[in-house]
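Trainee: I would like to go through the labels on this model one by one. Please set each value against its cut-off.

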Amino acid sequence: MTWPASLQAGTIGIPNASFESPVTTFATPLTDSWQQIPPPDFLNQIFLSGVFTNTPPPIDNCDGNQAAFLFANPQAALFQDYDSTDYSSPVPTHAFDATYDVGKSYTLTVAVLGGTNVAIPMPEGTTLELSLYYRDSTSNMVTVAATSITNIYALFSNATPHFIDFQVQVPLVKTSDPWAGQHIGVQLLSTVTVAVSGYWDLDNVRLVSTVRTTLLAPARSNGQFSCTLQSEPGLRFEMLASTNVTAPMSNWTSLGTLTNVTGAIPFLDTVTNLTRRFYRAQQLP
């Protein structure tokens, strides 16, 4: 019998995740690394997204010195994936190269602020969608998971501008999932059907993957038990065994320690011809 251990999270880097680039002294309709829909129209002065400075800091928990703005217009969006472009790179740089790996789950966290601008208030009921997606064979964006946010004054108070974290969860990726092995995409999308006043502020986009520490592929050969320990890379474990799965941990026998350098490491119990034995991996500091 194999026995799962704890969950461990790994951070996935997103280029310009806190919208610190390009540097601006007030606000600019340009955003590095993120593709904008629609793109800035300098001729007609249509700027539905960009970055702004938080100096001096009106928002008390801004990550860094800048954040992004996104006007509440139909389909206005910021997104980023392996094939996205930005204002300065008409050809994809492939800087965001993360994929949906089998055996991992994913959590997207975005700091959001809505409806707090006194000069341009945003009506209650205005909505924003945060999503994780992949591109299909014809490059269409296919949503994997999404979270909808509604502007409510009780939530986004004018008293002290303060970002609130919202999350998108992708459960454990299976080999049968169409997004398995595909590149990850992140989208921040205005979902109003008609344009309204106001805009959303966005900051500190974070993505983590979580590997369930598990003993996989159990096998018996020449009277010996073997399996593969899967976890986040770099973790150390003590392998434990017992003939009674309900026994307290202090009664389990230590079989040695493993350092899982790559994320998957084989384990072999050298004792032979056991009639029954249970195994578990306990993470070490």
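Mentor: Start with a definition: a salt bridge is a side-chain nitrogen of Lys or Arg within 4 Å of a carboxyl oxygen of Asp or Glu. This is a predicted model, where local features need pLDDT of at least 70, side-chain atom pairs count only at pLDDT 80 or more, and totals for chains, interfaces and linings use all residues. Residues are numbered from 1 along each chain as its sequence is written, and side-chain values use heavy atoms, with hydrogens and water left out.

Trainee: Why is the pair of lysine 104 and aspartate 101 called a salt bridge?

Mentor: Their side chains meet at 3.5 Å, N to O. The cut-off is within 4 Å, so the pair qualifies. The structure holds five salt bridges.

Trainee: What makes aspartate 101 partly exposed?

Mentor: Buried means under 20% relative accessible area, exposed over 50%, and partly exposed in between (1.4 Å probe, protein chains only). Aspartate 101 has 29%, so it is partly exposed.

Trainee: Which parts does the salt bridge of aspartate 165 and arginine 206 tie together?

Mentor: The side chains of aspartate 165 and arginine 206 meet at 2.7 Å, N to O. Aspartate 165 lies in strand 10 (residues 164-170) and arginine 206 in strand 12, so the pair ties together parts 41 residues apart in sequence. Strands here are DSSP runs (E, at least two residues), numbered from the N terminus. Aspartate 165, at 45% relative accessible area, is partly exposed. Arginine 206, at 27%, is partly exposed too.

Trainee: Is aspartate 177 buried or exposed?

Mentor: Aspartate 177 has 12% relative accessibility, so it counts as buried. Aspartate 177 forms a salt bridge with lysine 174, the closest N and O atoms being 3.5 Å apart. Lysine 174 is partly exposed at 46%.

Trainee: How do you know that strand 13 and strand 14 pair?

Mentor: Two strands pair if DSSP finds at least two bridges between them. Strand 13 and strand 14 (residues 224-230) have six bridges, in the antiparallel sense. Arginine 220, for one, has phenylalanine 225 in strand 14 as its bridge partner.

Trainee: What makes strand 13 and strand 17 edge strands?

Mentor: The open sheet has three strands in the order 13-14-17, with antiparallel pairing. Strand 13 (214-221) and strand 17 (264-269) each have a single partner strand, so one side of each is left without a neighbour in the sheet.

Trainee: Which residues does alanine 195 touch?

Mentor: Contact means heavy atoms within 4.5 Å. Leaving out residues up to four places away in sequence, alanine 195 touches Ala72, Asn73 and Pro74. Alanine 195 is found in the loop between strand 11 (185-190) and strand 12 (199-212).

Conventions. Helices (H or I, at least four residues) and strands (E, at least two) are DSSP runs, numbered from the N terminus.
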